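Here is a walk through one structure, written for someone who likes cut-offs spelled out. Have a look at it first, then read on.

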Amino acid sequence: MKTKNSFLLILCLLLFSSLHAQNEPVKILAIGNSFADDGIEYLDEIAISAGKHIIVANTYIGGCSIQRHLDNARHDKHDYKYRKNIDGKYTEEKGKSLLEALKDEEWDYIVFQQASSFAGQYSSYFPELTELMEYVKANANNPNVKYAMQQTWAYAKDSNHPGFFRYGKNQKAMYEDVVFSYDKAAQKQNISIVIPTGTAIQNGRSSSLGDTFCRDGYHLDLKYGRYTAACAWFETFFGESPIGITYRPEGVTDEQASIAQHAAHFAILRPTSVTDMSNF
């Protein structure tokens with residue numbers, strides 16, 4: 001009888017532990033800029049609608065490069081806006097340091113990215129990314145934290161961003177250079193997770209929505225542009241397709257939501273090449 005009771009007790013404890021683990025939030029920190037903001041804006045709503053718990057934060061400085069993040073780390077500069085969302089509850093604090101952000105939670109994932117105009121120039125990542133990662137690893141609370149990179153997107157074809165001239169003002173060339181650079185940088189740093197946001201946006205551009213995914217030539221459209229990016233983040237970190245997710249931002253039509261969800265899912269399936277969506 002004691003043996004049976006012990007077995008049942010162990011089974012109950014394992015079940016409780018499993019349920020507890022399922023209810024634990026996924027904690028994601030972006031060491032980013034406005035492109036990280038674009039990527040995560042709707043991530044919490046998507047996760048909540050799928051029954052997930054999430055904590056997502058961004059160390060925000062507009063246009064911040066890997067080089068500037070490293071300089072901030074070296075000198076413990078309090079230059080960031082620290083934007084944090086816990087299951088839909090948003091806060092923003094000014095004058096925060098990278099170290100404070102790293103120590104704020106036991107992050108499950110920490111995401112790096114290069115400033116968008118340099119993202120397609122592989123030489124711009126090193127040696128600073130290596131040192132920045134060493135700093136992050138030395139100060140992360142979670143010994144099992146995983147690292148990721150957000151593959152940023154090419155600018156709109158008519159973009160006037162000065163960085164676009166680095167790619168001959170050619171969207172296709174910029175996209176290909178960005179994909180190559182992120183993939184190669186991730187391999188060099190042994191980062192196994194690359195969020196294919198850039199490919200998701202490029203997929204969407206091949207649909208009936210065309211080249212309308214940016215609001216100013218480089219930042220994402222506030223509705224379906226950001227929604228597409230968040231769908232790519234969602235599937236990357238939760239391993240579930242966003243196709244059929246019930247949440248959509250106000251003003252996003254059923255057709256736009258379907259295109260965004262499929263564009264993101266196809267990017268997960270083929271992260272380094274465009275999936276033709278001309279039938280959408």
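Where is Gln151 found? Gln151 sits in the loop between β6 (146-150) and α7; helices here are DSSP runs of H or I with at least four residues, strands are E runs with at least two, and both are numbered from the N terminus.

Some ground rules before going further. This is a predicted model, where local features need pLDDT of at least 70 and side-chain atom pairs count only at pLDDT 80 or more, while totals for chains, interfaces and linings use all residues. Residues are numbered from 1 along each chain as its sequence is written, and side-chain values use heavy atoms, with hydrogens and water left out.

Gln151 has a relative accessible area of 2%, so it is buried (under 20% relative accessible area is buried, over 50% exposed, and in between partly exposed, using a 1.4 Å probe and protein chains only). Its side chain reaches the backbone nitrogen of Thr199 at 2.8 Å. Leaving out residues up to four places away in sequence, Gln151 touches a list that includes Val178, Val179, Tyr182, Thr199 and Pro271; contact means heavy atoms within 4.5 Å.

**The nonpolar cores**

A nonpolar core is a set of buried Ala, Val, Leu, Ile, Met, Phe, Trp, Tyr and Cys residues joined through side-chain atoms within 4.5 Å. The largest one has 55 residues, and Ile110, Phe112, Tyr125, Leu129 and Tyr147 touch the most other members. Helix α7 (residues 171-188) gives the most to this core, with seven residues. Another core, of 32 residues, lies apart from it and counts Ile28, Ala36, Ala148 and Tyr227 among its members.

What is Ile110 in contact with, leaving aside neighbours within four places in sequence? The partners are Leu29, Ile31, Leu102, Val136, Ala140, Val145, Lys146, Tyr147 and Ala148.

Ile28 belongs to strand β1 (residues 26-31) and is buried, with a relative accessible area of 0%. Its contacts beyond four places in sequence include Leu43, Ile54, Trp107, Trp233 and Phe237. Take Phe237: 209 residues separate Ile28 from it in sequence, yet the C-alpha to C-alpha distance is 8.9 Å.

**How the helices pack**

Axes are lines fitted to C-alpha atoms, for helices over the stretch in contact, and angles run from 0 to 180 degrees between N-to-C directions.

| Helix pair | Packing angle | Axis separation |
|---|---|---|
| α4 (residues 66-74) and α6 (residues 128-139) | about 40 degrees | 9 Å |
| α7 and α8 (residues 197-205) | about 150 degrees | 10 Å |
| α9 (residues 224-238) and α10 | about 40 degrees | 8 Å |

Angles under 35 degrees count as roughly parallel, over 145 as roughly antiparallel, 65 to 115 as roughly perpendicular and the rest as oblique. So α4 and α6 are oblique to each other, α7 and α8 are roughly antiparallel, and α9 and α10 are oblique.

As for handedness, a crossing is left-handed if the near helix is turned anticlockwise from the far one by less than a right angle, and right-handed if clockwise. α4 passes α6 in a left-handed crossing, with Ile66, Leu70 and Ala73 of α4 and Leu129, Leu132 and Tyr135 of α6 among the residues making the contact. The crossing of α7 and α8 is also left-handed; Gln171, Tyr175 and Val179 in α7 meet Gly198, Thr199, Gln202 and Arg205 in α8. The crossing of α9 and α10 is right-handed, and the residues in contact include Tyr227 and Cys231 of α9 and Gln261 and Ala264 of α10.

**Gln261 in α10**

Gln261 lies in helix α10 (residues 254-269) and, at 4% relative accessibility, counts as buried. Which side chain does Gln261 join through a polar contact of 2.9 Å? That of Tyr227. A polar contact is a pair of N or O atoms within 3.5 Å; within protein, one must be able to donate a hydrogen and the other to accept it, and residues adjacent in sequence count only if both atoms are side-chain atoms.

A cis peptide bond, with omega about 10 degrees, joins Phe126 and Pro127, and Pro127 lies in the loop between β5 (109-112) and α6. Lys169 has a positive phi near 50 degrees without being a glycine; at 31% relative accessibility, Lys169 counts as partly exposed. Asn190, not a glycine either, has a positive phi of about 55 degrees. Asn190 is in the loop between α7 and β7 (193-195) and, at 71% relative accessibility, is exposed.
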